[in-house]
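Please look over the structure shown below before reading on.

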Amino acid sequence: MGDWRGSGLETSAPRPDDGGPDVDECDVNGSGREAGIAELGVERAGQAGGLRQRAVAVVTSTAAGRLDVVHINLASIGSTYRKLVIAAACRALGVPYVIHLHGADYREYWQDLVPDWLARQIRAMFAGAARTIVLGRVWAEFVAGRVPEAADRIVVLPNASARPTLPHR
């Protein structure tokens, strides 16, 4: 487990056209900004295009040779089902992906609430990730305990929230 700095995710190869980093500049998350990675923000069911649009963006960007890495924001329940599809597509296409684990209930979800077949799929998703980003040591240890072969690819990105100053009740 390491920290974000020196994680090997930065791209540094120059583009022949502008001298910038050799990354995909398509906007696949609908944010209107160009990104060096594909962010698959498909959390809202009513979001225009949804999962299918994002999957097509991954395939077409890969075919065009413009996609370096896919960033997958992961939470429990529906988010997991959707992201399993994207991660499987990335593995099939040979596109590295980074899982950014969100959701305070993921431990309970993965350990206690999912059937065995789904737990195996979740494990494979983490095992296949180029990196997994978590918000603290506790989450890093949890993921490493569930997927030991991924332990050296877990990156702790400290939570930017200030610690509470009032005692917990």
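Are α3 and α4 roughly parallel, roughly antiparallel, roughly perpendicular or oblique to each other? In this predicted model, the axes of α3 and helix α4 (residues 116–128) lie 9 Å apart, and the two helices pack at an angle of about 130°. Angles over 145 degrees count as roughly antiparallel and those from 65 to 115 as roughly perpendicular, while the rest, apart from those under 35, count as oblique. The helices α3 and α4 are therefore oblique to each other. On the α3 side the contact is made by Y106, Y109 and W110, and on the α4 side by L118, A119, I122, R123 and F126.

**The chain as a whole**

The chain contains five helices and six strands. Read from the N terminus, its elements follow the order β-β-α-β-α-β-α-α-β-α-β. Of the 169 residues in the chain, 36% are buried. Among contacts with a separation of 6 or more, 63% are between residues 24 or more positions apart. The chain has an accessible surface of about 9,700 Å², and carbon and sulfur atoms account for 55% of that surface.

**Aromatic rings**

There are six aromatic pairs in the structure. One of them joins Y106 and W110, and this pair is edge-to-face. Both residues, Y106 and W110, belong to helix α3 (residues 106–113), where they are four residues apart, about one turn of the helix. Y106 and W110 are both buried.

Why is the pair of W139 and F142 edge-to-face? The planes of the W139 and F142 rings stand at 90°, so the pair is edge-to-face; planes over 60 degrees apart count as such. W139 and F142 lie in helix α5 (residues 137–146), three residues apart, which separates them by about one helical turn. F142 has a relative accessible area of 5% and is buried.

The two pairs compare as follows.

| Pair | Centre to centre | Angle between planes |
|---|---|---|
| Y106 and W110 | 6.1 Å | 70° |
| W139 and F142 | 5.8 Å | 90° |

Ring pairs also link these residues into a cluster, made up of Y106, Y109, W110, F126, W139 and F142.

**Charges over rings**

Which charged ends sit over the rings of W139 and W110? Over the ring of W139 sits the charged end of R107, 5.5 Å from the ring centre. The charged end of R146 sits over the ring of W110, 4.8 Å from its centre.

Key:
Residues are numbered from 1 along each chain as its sequence is written. This is a predicted model: local features need pLDDT of at least 70, side-chain atom pairs count only at pLDDT 80 or more; totals for chains, interfaces and linings use all residues. Side-chain values use heavy atoms; hydrogens and water are left out. Rings of Phe, Tyr and Trp (its six-membered ring) pair if their centres lie within 6.5 Å; planes under 30 degrees apart count as stacked, over 60 as edge-to-face and the rest as tilted. Buried means under 20% relative accessible area, exposed over 50%, partly exposed in between (1.4 Å probe, protein chains only). A charge sits over a ring if NZ of Lys or CZ of Arg is within 6 Å of the ring centre and within 35 degrees of the ring normal. Contact means heavy atoms within 4.5 Å. Accessible areas come from the Shrake-Rupley method with a 1.4 Å probe; for residues, only the protein chains shown count as cover. Axes are lines fitted to C-alpha atoms, for helices over the stretch in contact, and angles run from 0 to 180 degrees between N-to-C directions.
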